[in-house]
Amino acid sequence: MNDRTIGRAGFLGLLGAGAVGLFFAKDFTGVLDRAVPKSVSAVVPTSGWRIYTIGDSMPTFDPATYRLRVDGLVGAPTSYSLADLKAMPRAEQVSDFHCVTGWSVQDVRWAGVRIKDLLEQAGAKDGVGALRFVSAEKPYEDSLTLQQALLPDVMLAYEMDGAPISRPHGAPVRLVMPQMYGYKSVKWVDHVELGVTAEPGYWEKHGYDADAWVGKSNDESA
Amino acid sequence: MTSLPDPALPATAPVARIERFTLTERALHWMHASAFFALLATGLILYLPALSTLVNRRNLVKNVHIWVAVAWAVALVVIFVVGNRRRLAEDWREIETIDRDDRRWLRGRRAPQGRFNAGQKINALLTVAFALLFALSGFFLWLGERDHRFIFAGTGTVHELLTFLSVGLLVGHLYLALIHPSTRHALRGMTTGEVDEDWARKHHLKWVEAERLASAHEHPTP
């Protein structure tokens with residue numbers, strides 16, 4: 001090994017490690033979160049969350065005007081304020097959040113309303129087969145089949161980790177569907193439409209799977 | 001470029017200077033620096049939740065980020081095509097070569113250094129490797145959004161880790177180039193292309209002596 005190969009070996013080694021990292025690198029923010037003080041983790045997203053949006057600005061939440069509209073296959077279309085939603089049976093859960101791009105956040109505490117309770121309140125008709133969740137961030141939307149939406153860990157959440165859901169996380173109400181990748185968990189939900197069959201959502205129109213089961217979709221175990 | 005003594009000048013000639021960086025090298029450095037700052041600023045706006053909420057032009061910022069990256073790649077090609085390629089190849093040969101003196105220097109001993117000291121060589125090797133890995137991981141972030149078959153587990157992690165590492169490298173680089181008394185003279189070399197020969201003799205002895213030898217070959221003294 002001559003003098004020149006030392007630098008070159010280091011350089012190529014680094015490039016190789018980085019290229020391999022594309023396929024295998026684990027999210028390191030979990031480690032950072034334990035290592036850095038709270039003041040840092042308030043600024044740098046060490047909690048593991050990454051904020052993705054499709055629009056220019058995140059929707060703003062005004063408690064005075066916010067309404068969740070529920071329509072479609074219901075007796076009569078209804079709108080609920082956040083207070084109305086909080087008056088429904090409160091459900092709590094701790095679940096993991098997995099993003100299709102590779103990062104995950106463990107043990108997120110959610111509180112909100114189960115879909116079953118929402119459907120009862122809204123007076124869902126027979127024949128409902130799917131729910132379409134529409135975001136205030138246009139044109140984001142996504143759908144679940146009724147069966148998926150009634151899984152025991154699916155909810156329309158208004159609290160995350162003991163506090164009202166923050167604006168980047170979808171204030172005031174977001175869907176939580178832990179068994180599927182995060183693009184199914186629509187943020188800033190202000191409209192739920194009950195229908196017969198699931199419509200393709202925003203990312204499904206871009207070729208992503210509608211049944212986005214964690215670890216078993218988007219070509220993962222093909 | 002060593003200037004021959006001009007008889008018209010007074011005996012106490014201004015400080016002798018020696019060319020360290022050609023226009024090609026300076027163009028490459030400042031092009032990369034400008035692109036880096038633009039990519040860092042736009043990247044942080046997209047990445048840090050506090051900035052994300054503040055800046056309500058997220059799609060614009062994302063497009064600027066992507067197009068600056070494209071412009072960086074184009075500018076790189078242009079500099080290689082129209083610039084002094086022989087000089088760039090020479091730079092790379094010097095940077096890759098970590099000789100005995102460099103290894104002693106890195107262990108904190110005194111050792112004569114070439115045009116680049118060992119620290120500068122490592123900075124350059126890291127910068128080039130980081131840039132290529134940034135481009136690679138960024139390309140797959142872009143492509144994965146369009147086609148989920150190109151989503152790899154670690155793409156985002158690699159891109160983020162590179163951000164943290166290169167900001168660390170940048171802070172050290174800026175300190176040495178702008179603040180540290182014995183090295184900040186080097187900034188002149190990157191702006192005007194020339195450094196004081198006395199300074200160069202003190203910090204880059206092997207280079208100055210090699211230049212002397214080379215110019216003695218070109219302009220043999222009678």
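Chain B has 10 helices and two strands. The model is a predicted one. Along the sequence, the elements of chain B come in the order β-α-α-α-α-α-α-α-α-β-α-α. Its C-alpha atoms fill a box of roughly 70 × 40 × 30 Å along the principal axes. Of the 222 residues in chain B, 38% count as buried.

One helix of chain B can be followed in some detail. Helix α10(B) covers residues 205-218, which makes 14 residues. From first C-alpha to last, α10(B) reaches 20 Å, close to the 20 Å expected at 1.5 Å a residue. Its buried residues are B:W207, B:V208 and B:S215. Viewed down the axis of α10(B), these buried residues fall within an arc of 95°, so they line one face of the helix. An α-helix has 3.6 residues a turn, so residues three or four places apart point the same way. On the other side of α10(B), B:L213 and B:H217 are exposed. The partners of the buried residues of α10(B) are β1 (17-19), β2 (194-196) and α9 (197-203) of chain B, against which they pack.

The next topic is the interface with chain A. Here 45 residues of chain B are in contact with 43 residues of chain A. The size of an interface is often given as the accessible area lost when the parts come together. Chain B and chain A bury about 3,700 Å² between them, and 62% of that lies on carbon and sulfur atoms. Within chain B, the residues that lose the most area to chain A are B:R58, B:E96 and B:H148, which together account for 18% of what that side buries.

The side chains of A:D56 and B:R57 meet in a salt bridge, with an N to O distance of 3.8 Å. The elements giving two or more residues to the side of chain B that touches chain A include α1 (23-47), α3 (58-82), α6 (118-146) and α7 (155-179) of chain B. Of the contributors, α6(B) gives the most to that side, with 13 residues.

In chain A, helix α5 (residues 115-122) has A:I115, A:D117, A:L118, A:L119 and A:A122 as its buried residues. Just after α5(A), A:G123 takes a positive phi of about 70°.

How values were computed. Residues are numbered from 1 along each chain as its sequence is written. Chains are lettered from A and ligands numbered from 1 in the order in which they are written. This is a predicted model: local features need pLDDT of at least 70, side-chain atom pairs count only at pLDDT 80 or more; totals for chains, interfaces and linings use all residues. Side-chain values use heavy atoms; hydrogens and water are left out. Helices (H or I, at least four residues) and strands (E, at least two) are DSSP runs, numbered from the N terminus. The expected span of a helix is 1.5 Å times one less than its number of residues. Buried means under 20% relative accessible area, exposed over 50%, partly exposed in between (1.4 Å probe, protein chains only). The arc is that of the directions from the helix axis to the C-beta atoms. Contact means heavy atoms within 4.5 Å. Buried area is the accessible area (1.4 Å probe) that two parts lose on being put together, summed over both. A salt bridge is a side-chain nitrogen of Lys or Arg within 4 Å of a carboxyl oxygen of Asp or Glu.
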